[in-house]
Amino acid sequence: MRNSLLIIIGLAITTNTPTPLPLSYPSYFGNRIYIPADNPVTVEGVALGRRLFYETKLSANNRISCATCHRQEYAFTDGKPFSTGVDGTLTKRNSMTLANLVWVRNFFWDGRADGLEEQAATPLTDEHEMGQALCKSAEKLQAAKPYPALFKSAFGSSHITAEGIINAITQFERTLISCNSRYDQYLQEKYQPTPSELNGMTLFFANPNPEKQVRGAACGHCHGGPKTFNELFHNNGLDSMPGDAGREGITKQPTDKGRFRVVTLRNIALTAPYMHDGRFNTLEEVVDHYSDHVQSSRTLSIFLQDNSNTTHGKQLQLTAQEKKDLIAFLHMLTDSSFITDKRFSDPFKNK
Amino acid sequence: MIKNLIASALLVCIGYVASAQAYVQVTGEVSKTLKLYEADIAKMNKVSVSLTDKDGKDHSYTGVPVLDILNNAGVTTGKQLHGENLTKYVLVKCADGYQVLFALAEMDTALSKKTIILATRADDKPLPEGKGPFRLVVPGEGRPARSCFQVVEFIVKFAKD
């Protein structure tokens, strides 16, 4: 009798448990991923998170959602140097792409948020972004069908909490994996790059060595590996007197002045304008910067100092053709299926 | 006069900001967490080792054996480095976020023949700005990839797999 009661209770619990959703990605991305033990990715959580990502009720004026500044067609950026929040003011920095976040540990341009859960609270409550206290958001959702039922299936209770909102959104964000670019197809031996793309790829990863006649653009030191980023903070020579202190603002160490997080270059052709302040409108401008206009300063990355294709040169000095090749490679990182994937699209539009 | 006052006030401010000093920490499986500033490192015993740098040339680096630093933090080295302590590792973190890994045994000259140091000088000159004040120098490796710049922390942990 006792046993069968236990079994019945057990069954009731299992049927209410959300279904785990395994993330799938190529092995060359590695498994150094970050998913907190208390927020596993589930089918129900992700479905709710997707809806919340596009939900304008989470903003004080009911007009802004995450997707306002992170639009799928731009690989979850917004095409602007700075974005406009609820109070009409501009954000301090450029919106960031949301791809392959499950491999990132320190979020934002200056790495100030330790983990996605901590990150998500910022845009929701920041007065210049969505500007609404989490308890207010929970209250609004509690009164809005079908949210209580969706929270119940995702977290087992129809009582909506701040933590539930954040956990659902971050579960959805962890599924935003981009791994079907032509570069991926090349890595999986399904695509033969053009000669220009191949040369661009070689330049991207090679360190210049004029003595040995090796040409290179040395991007790979920072944007290395198939993920196209190493989680590092560097000053990439935008200014000799950085206007934005970047990482120094967090660590208070003068050696971190003008250092920013090395970001992924996946879908880079879709995410203009570029850099933390959106200063470059095109990839041509970006490549010109690295080739010819790296500004020296006390904190300029050691990897960008005197790294040149000419003996004793100060700048990379790529040729016009090399710049074109490098850009051809950067275009290989565009994943058109990522920006059209129905799993990531606006659920209020594509019913 | 007022100008002078403002100027000296500014100087004080600048002096204050610049004094945010670099340090290196030892944390994790330690008997006491250490935070060493340049002045602390300066007081410790120094040795010199040679490293073939990226330029393909040998350079002489001077600094403190990492083993001494770990010992000061009470890490299980020497006679204590046996049994489960042999499953400990040291994760070295740098200011730019770069990280490299060692088995604790690699840091202990009782087991490993090479002396890994936390260098403060190269060829008898202070380290250049982007590499100092503390650079890890690991002699005898094919590529200087683990001889990392601007070290900020040694984390000692058990491998638990």
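These legends describe close-up views of a predicted model.

**View 1. The interface of chain A and chain B.** The contact draws 15 residues from chain A and 15 residues from chain B. About 1,200 Å² is buried between the two chains. Carbon and sulfur atoms give 49% of that area. On the chain A side, the most area is lost to chain B by A:Q253, A:R298 and A:I302. Together these residues make up 34% of what that side buries.

View 2. B:E129 pairs with A:R298 in a salt bridge, and their closest N and O atoms are 2.7 Å apart. A:R298 is also among the chain A residues that lose the most area to chain B. Six residue pairs are in polar contact across the interface, with both residues at pLDDT 80 or more. The side of chain A that touches chain B has seven charged, five nonpolar and three polar residues.

**View 3. Helix α5 against helix α7 in chain A.** Helix α5 spans residues 134-142, and helix α7 spans residues 162-174. Their axes come within 8 Å and cross at roughly 85 degrees. The two helices, α5(A) and α7(A), are therefore roughly perpendicular to each other. From α5(A), the contact uses A:L134, A:S137, A:A138 and A:L141. From α7(A) come A:A162, A:I165 and A:I166. By class, six residues of this contact are nonpolar, one is polar and none is charged.

View 4. The side chains of A:E197 and A:R182 form a salt bridge, at 2.4 Å from N to O. A:E197 lies in helix α9 (residues 195-205) and A:R182 in helix α8 (residues 182-187). The pair is 15 residues apart and links distant parts of the chain. Over all chains, the count of salt bridges comes to 23.

**View 5. Helix α9 against helix α12 in chain A.** α9(A) packs on helix α12 (residues 320-331) at an angle of about 95 degrees. The axes are 7 Å apart. α9(A) and α12(A) are therefore roughly perpendicular to each other. Residues of α9(A) in the contact include A:M201, A:L203, A:F204 and A:F205. A:E197, which pairs with A:R182 in a salt bridge, also belongs to this contact. Residues of α12(A) in the contact include A:L326, A:A328, A:F329 and A:L330. The contact divides into eight nonpolar, three polar and four charged residues.

Note on methods
Residues numbered from 1 in each chain as written. Chains lettered and ligands numbered in written order. Predicted model: local features only at pLDDT ≥ 70, side-chain atom pairs only at ≥ 80, totals over all residues. Heavy atoms only, no water. Contact = heavy atoms within 4.5 Å. Buried area = accessible area lost by both parts, 1.4 Å probe. Salt bridge = Lys/Arg side-chain N within 4 Å of Asp/Glu carboxyl O. Polar contact = N/O pair within 3.5 Å; in protein donor to acceptor, adjacent residues only side chain to side chain. Nonpolar A, V, L, I, M, F, W, Y, C, P; charged D, E, K, R; others polar. Axes fitted to C-alpha atoms, helices over the stretch in contact; angles between N-to-C directions. Helix = DSSP H or I, 4+ residues; strand = E, 2+ residues; numbered from the N terminus. Parallel < 35°, antiparallel > 145°, perpendicular 65-115°, else oblique.
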